[in-house]
Amino acid sequence: MTQEFIQVGDTGELRPGTMKRVDVRGLRILIVNVEGRVCAVDDTCTHEDASLSTGVLRGELVKCPLHGSRFNVCTGKALEEPAEEDLRTYPVRLDGGRILIGVPGAESP
Ligand code: FES
């Protein structure tokens with residue numbers, strides 16, 4: 001499957017220590033600025049249907065607002081139960097001030 005890099009924002013609007021949810025091609029993705037490094041993972045908790053963008057961010061760990069599982073937003077690793085499955089990660093490119101996320105591209109006709 002091809003991969004396509006899509007602009008989802010710019011670094012000026014995503015300060016270090018903040019995160020936001022973006023919707024790209026039907027995917028809900030959480031983008032996080034961890035001290036200048038931008039990481040991207042699935043926004044939906046792997047335990048139930050909670051948006052991690054409404055959780056609490058500390059460094060590179062986000063805590064799910066529903067049952068408190070913690071995930072590493074750069075590796076996707078699930079670090080605390082009840083969630084056991086890791087989050088999917090997405091490649092990030094910074095182009096000038098633009099934040100681009102690699103998502104599965106459209107199939108060629
Ligand atoms: S929905 Fe995230 S820990 Fe339960």
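Author: Two residues are in contact if their C-beta atoms, placed from the backbone, lie within 7 Å. The model is predicted: local features need pLDDT of at least 70, side-chain atom pairs count only at pLDDT 80 or more, and totals for chains, interfaces and linings use all residues. Residues are numbered from 1 along each chain as its sequence is written.

Reader: Which residues is Leu30 in contact with, leaving aside its neighbours within four places in sequence?

Author: Leu30 is in contact with Met19, Arg21, Ala40, Val41, Asp42, Asp43, Leu52, Ser53 and Val73.

Reader: What makes a set of residues a nonpolar core, and which members touch the most others in the largest one?

Author: A nonpolar core is a set of buried Ala, Val, Leu, Ile, Met, Phe, Trp, Tyr and Cys residues joined through C-beta atoms within 7 Å. Buried means that 20 or more other C-beta atoms lie within 10 Å of the residue's own; exposed means 12 or fewer, and partly exposed is in between. The largest core has 22 residues, and Leu30, Ile31, Val32, Ala40, Val41 and Val73 touch the most other members. β3 (27-34), β4 (37-42) and β10 are the elements that give two or more residues to this core. Strands are DSSP runs of E, at least two residues, and helices are runs of H or I, at least four, numbered from the N terminus.

Reader: Why is Arg25 called exposed?

Author: Arg25 has 12 C-beta neighbours inside 10 Å, so Arg25 counts as exposed. Arg25 is in the loop between β2 (19-24) and β3, and its phi is near 50°, a positive value in a residue other than glycine.

Reader: What makes Glu35 exposed?

Author: Glu35 has 8 other C-beta atoms within 10 Å, so Glu35 is exposed. Glu35 lies in the loop between β3 and β4, with phi near 50°, again positive in a residue other than glycine.

Reader: How do you know that β5 and β6 pair?

Author: Two strands pair if DSSP finds at least two bridges between them. Three bridges join β5 to β6 (residues 61-63), and the strands run antiparallel. Val56 stands opposite Lys63 in β6.

Reader: Why are β5 and β7 placed at the edges?

Author: The open sheet has three strands in the order β5-β6-β7, with antiparallel pairing. β5 (56-58) and β7 (70-72) each have a single partner strand, so one side of each is left without a neighbour in the sheet.

Reader: What joins β9 to β10?

Author: Four bridges join β9 (residues 92-95) to β10 (residues 98-104), and the two run antiparallel. Arg93 stands opposite Leu100 in β10.
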